[in-house]
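Dear colleague,

Please find below the structure that I am handing over to you.

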Amino acid sequence: MSMHNQFDAAIKPSEITPESVFLSRRAVLAGAVAAGLLPSILPPVEAATIPAGGEFTDPAPTKWPDSATDKLNTYEDITTYNNFYEFGTGKGDPAANAGTLKTSPWSIEVTGEAGKLGTLTLEDILKPHALEERVYRHRCVEAWSMVVPWVGFPLADLLKRFEPTSKAKYVQFFTLADRQQMPGIRYPVLEWPYREGLTIAEAMHPLTLVTVGLYGKVLPNQSGAPLRIVIPWKYGFKGTKSVVRIHFLERQPQTSWNMAASNEYGFYSNVNPKKDHPRWSQAMERRLGSGLFSPRIPTQMFNGYAEQVAQLYTGLDLNKNF
């Protein structure tokens with residue numbers, strides 16, 4: 001199934017699935033060569049080991065030494081409480097409805113200001129990358145948070161292979177938009193396809209992750225299978241799920257939530273407890289799974305990653321550029 005033409009007009013000038021279901025996702029990685037796609041834009045390299053039975057075991061991902069030491073949320077917490085509007089607006093809708101998503105074969109189109117453009121299979125993308133498990137804290141604008149052991153590799157390692165030009169100041173990501181597979185697409189909750197963007201510096205930061213699994217297992221559909229982006233110092237909606245297109249561009253791109261409500265969701269969307277959402281405070285948070293009456297904890301600047309990322313925003317007013 002080629003998606004090469006699906007999003008040709010996407011850029012405007014103005015610019016719980018049951019355990020048994022997601023375990024079968026081995027086909028996502030093992031058999032991801034799609035028929036009829038453009039030739040690979042990357043040189044052939046030795047393929048990374050693909051998980052069998054849905055688990056990354058041969059070899060297991062290396063443990064990232066700088067992982068957060070907070071108590072992990074359970075697998076059930078992480079996979080049954082999600083925002084993925086393509087499958088419904090309720091927190092439990094993705095787990096209930098995402099079984100219709102077909103993640104094999106899968107391809108990603110690369111467009112814009114880069115030297116190597118074209119369409120890649122998921123296998124092309126994963127080939128040269130060693131996977132690691134990173135424990136990241138996550139924060140949602142609704143004041144809940146979680147701690148997730150992701151499996152992936154730095155996004156920078158992937159983007160550099162496309163040879164972005166000096167004009168590539170930003171990079172934009174698009175989620176699949178398929179009415180047959182995604183029931184939420186039938187409703188104009190957002191302008192589809194879902195899109196997000198980062199500055200090239202943010203995208204190239206070593207904390208920004210291409211994610212293909214969690215808890216040592218292949219990503220379940222509701223969590224953004226087969227490939228999503230994770231940026232731990234930003235609110236969770238910045239991480240595009242089920243990515244089908246990567247676009248390099250010179251000007252700041254459109255993002256779905258900013259298009260829907262620009263006064264509530266800015267382009268940067270960094271975790272900033274001093275900048276309230278218009279409808280609620282961002283100063284406190286509660287860990288998912290800890291109960292409605294558990295103590296709330298103070299929200300940390302940049303979600304606790306200030307030491308690593310604050311320099312990206314030197315001189316930028318984070319109240320105006322929220």
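**Salt bridges**

K238 and E196 form a salt bridge in which the closest N and O atoms are 2.7 Å apart; the term denotes a side-chain nitrogen of Lys or Arg within 4 Å of a carboxyl oxygen of Asp or Glu. This pair joins distant parts of the chain, with K238 in the loop between β10 and β11 (243–249) and E196 in strand β7 (residues 195–199), 42 residues apart. K238 is buried, at a relative accessible area of 3%, and E196 is buried as well, at 1%. Buried stands for under 20% relative accessible area, exposed for over 50%, and partly exposed for what lies in between (1.4 Å probe, protein chains only). Helices (H or I, at least four residues) and strands (E, at least two) are DSSP runs, numbered from the N terminus.

Please note that this is a predicted model, in which local features need pLDDT of at least 70 and side-chain atom pairs count only at pLDDT 80 or more, while totals for chains, interfaces and linings use all residues. Residues are numbered from 1 along each chain as its sequence is written, and side-chain values use heavy atoms, with hydrogens and water left out.

The structure holds 12 salt bridges. Among them is the one between K116 and E163, whose closest N and O atoms are 3.7 Å apart. Here K116 lies in the loop between β2 (107–112) and β3 (118–121), and E163 in the loop between α6 (155–159) and β6, 47 residues apart. K116 is partly exposed, with a relative accessible area of 25%, and E163 is partly exposed at 43%. A network of salt bridges links D70, R137, R139, E285 and R287.

**Aromatic rings**

There are 13 aromatic pairs in the structure. Rings of Phe, Tyr and Trp (its six-membered ring) pair if their centres lie within 6.5 Å; planes under 30 degrees apart count as stacked, over 60 as edge-to-face and the rest as tilted. One of the pairs, Y85 with W257, is edge-to-face, at 5.5 Å centre to centre and 75 degrees between the planes. Its partners are 172 residues apart: Y85 is in the loop between α3 (75–80) and α4 (93–97), and W257 is in helix α8 (residues 256–260). W257 also pairs with Y265 in a tilted arrangement, at 5.1 Å and 50 degrees. Both W257 and Y265 are buried.

The charged end of R137, a member of the salt-bridge network, sits over the ring of Y305, 4.7 Å from its centre. This description requires NZ of Lys or CZ of Arg within 6 Å of the ring centre and within 35 degrees of the ring normal.

**Pockets**

The largest pocket has a volume of about 540 Å³. A pocket is an open set of points on a 1 Å grid over the protein atoms alone, where a 1.4 Å probe fits, with protein on both sides within 12 Å along at least five of seven lines; lining residues have an atom within 4 Å of a point. Grid points are joined across faces, edges and corners, and a volume is the space filled by probe spheres set on the points. The largest pocket is lined by 33 residues, of which N83, R228, G236, F237 and K241 lie nearest its centre. Strand β5 gives the largest share of this lining, 4 residues.

The second largest pocket has a volume of about 210 Å³. Its lining comprises 19 residues, with Y235, E264, N270, K275 and F322 nearest the centre.

Yours sincerely
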